[in-house]
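Me: I would like to learn how to read a structure step by step. Could we go through one together, with the general idea before each case?

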Amino acid sequence: MIRASIVGGSGYTGGELLRLLLGHPEVEIMQATSQKHLGEYVYQTHPNLRKQTSLKFSAPDDLEPCDVLFLAMPHGKAQHHINQYAALAEAIMDLSADFRLQDPETYKKWYGAAHAAPHWLDKFVYGLPELHRDEIKHTKYISGVGCNATACNLAMLPLVKAGLVNLGQPVIFEIKVGSSEGGASVNPGSHHPERSGVVRTFSSFGHRHTAEVIQELNLQKPALTISSIDLVRGALATAHVIIDTHITKKELWKAYRAVVNENPCLRLVKERRGVYRVPEPKILAGSNYADLGFEWDAANGHLVAMCAIDNLMKGASGSAVQSMNLMCGFDEMMGLSFPGLHPI
Amino acid sequence: MNNNVLCPECEAEVSLDANVMQGEILVCPDCGVDLEVITTDPIAVEIAPMEEEDWGE
């Protein structure tokens, strides 16, 4: 049994960490901090956790030593206190963007400011097990993953891994996302009359998660276009890429089958009948599965690669718990077996 | 008798029951295509015609 605490437990990713870790047979939650909700029961902020725990939010200054410390704060916070946190816990999982990028200059380019603890960047392993399983098993510092980046990276992983894509050519990602990507804080765009029914392209290109796609897949010209849609949870990445027309459909199947067989959280969805023939995020709400799919126009080499996830799960807290499992030597899927709901 | 065949569409390995009959229609567990058993000794399958369904879109 390991002792885990969460810094920033009142946000959506913090709430998901609490839900997952409360049901984890090898984890005891020691503390969850929140300045805003200090002293309140965590279920008063995360109502689904009522009768699951009597834990109250602690003050950040009252953090005690533990085995694994999850940092679920807004971007830009963890890097200023990383030495303090490292003194409290042997292992750190930071869900923010602070330690995802390995190169300080790349961080500055995409986040617009110099990193406050650049010497820490290369201590962290990017926390997507499908890309870094062995490294995660042998580290104590794991970064979070960007939800949009995760959908893009997993959509293209079978093709990149099998060498079926020229990494120098453009890859166009169209990403549709739910409102929980914006976090628990409100803004004018999240006001119900403005958000309800929305289909709004809020980032045509240049989104920060692009840096994670470049870093992790070595794609040199990825373009991410991101649109808000009327979901609370969920992200669907649809990638468009031209591949060699000499590649056969059987080679594509082989590439996808290999990746899905190696990774317990990946599923291939490519059906000929029924409603759910392609990946769809709706049925993944609350699940750590990522559903992959593809369609290919053999005549011109146009391949459409798809990946659906729950942005708060595979795109954040679920991948963090999956990484924790690997780091601690637990079964990779421990506490993560929920398959989602249907109908929903 | 080996009752495994490769799907002609996606090359998934498809296991057939021991008492499979000629003309029987199976579904590939990976790609979902319909497969017709054309011979049983040796076991061989081919892609069967599938009716396009209206997806409601």
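This is a predicted model: local features need pLDDT of at least 70, side-chain atom pairs count only at pLDDT 80 or more; totals for chains, interfaces and linings use all residues.

Me: What kind of peptide bond joins Asp41(B) and Pro42(B)?

Reply: As a general idea, most residues other than glycine have a negative phi, and most peptide bonds are trans. The bond joining Asp41(B) and Pro42(B), however, is cis, with omega at about 0°. A cis peptide bond also leads from His342(A) to Pro343(A), where omega is near 0°, and Pro343(A) belongs to the segment after α10 (313-328) of chain A.

Me: How many salt bridges does the structure hold over all chains?

Reply: Side chains of opposite charge can pair when their charged atoms come close. Over all chains the structure holds 14 salt bridges, and one of them joins the side chains of Glu212(A) and Arg100(A), with 3.0 Å from N to O. Glu212(A) lies in helix α8 (residues 210-217) of chain A and Arg100(A) in the loop between β5 (89-94) and α4 (104-111) of chain A, so this pair ties together parts that are 112 residues apart in sequence.

Me: How much area do chain B and chain A bury between them?

Reply: The size of an interface is often given as the accessible area lost when the parts come together. Here chain B and chain A bury about 1,400 Å² between them, with 43% of it on carbon and sulfur atoms, and the contact involves 14 residues of chain B and 12 residues of chain A. Between chain B and chain A there are 4 salt bridges, including the one of Glu9(B) with Lys249(A), whose closest N and O atoms are 2.9 Å apart. On the side of chain B that touches chain A, the residues divide into 8 nonpolar, 1 polar and 5 charged.

Me: Which residues line the second largest pocket?

Reply: Both partners of that salt bridge, Glu9(B) and Lys249(A), are in the lining of this pocket, and among the other lining residues are Trp253(A), Arg277(A), Phe294(A) and Cys31(B). By class, the lining has 5 nonpolar, no polar and 7 charged residues, and its largest share, 3 residues, comes from β13(A). The space in this second largest pocket is about 190 Å³.

Notes
Residues are numbered from 1 along each chain as its sequence is written. Chains are lettered from A and ligands numbered from 1 in the order in which they are written. Side-chain values use heavy atoms; hydrogens and water are left out. Contact means heavy atoms within 4.5 Å. Buried area is the accessible area (1.4 Å probe) that two parts lose on being put together, summed over both. Ala, Val, Leu, Ile, Met, Phe, Trp, Tyr, Cys and Pro count as nonpolar, Asp, Glu, Lys and Arg as charged, and the others, Gly among them, as polar. On a 1 Å grid over the protein atoms alone, a cavity is a set of points where a 1.4 Å probe fits but cannot get out, and a pocket is an open set with protein on both sides within 12 Å along at least five of seven lines; lining residues have an atom within 4 Å of a point. Grid points are joined across faces, edges and corners, and a volume is the space filled by probe spheres set on the points. Helices (H or I, at least four residues) and strands (E, at least two) are DSSP runs, numbered from the N terminus.
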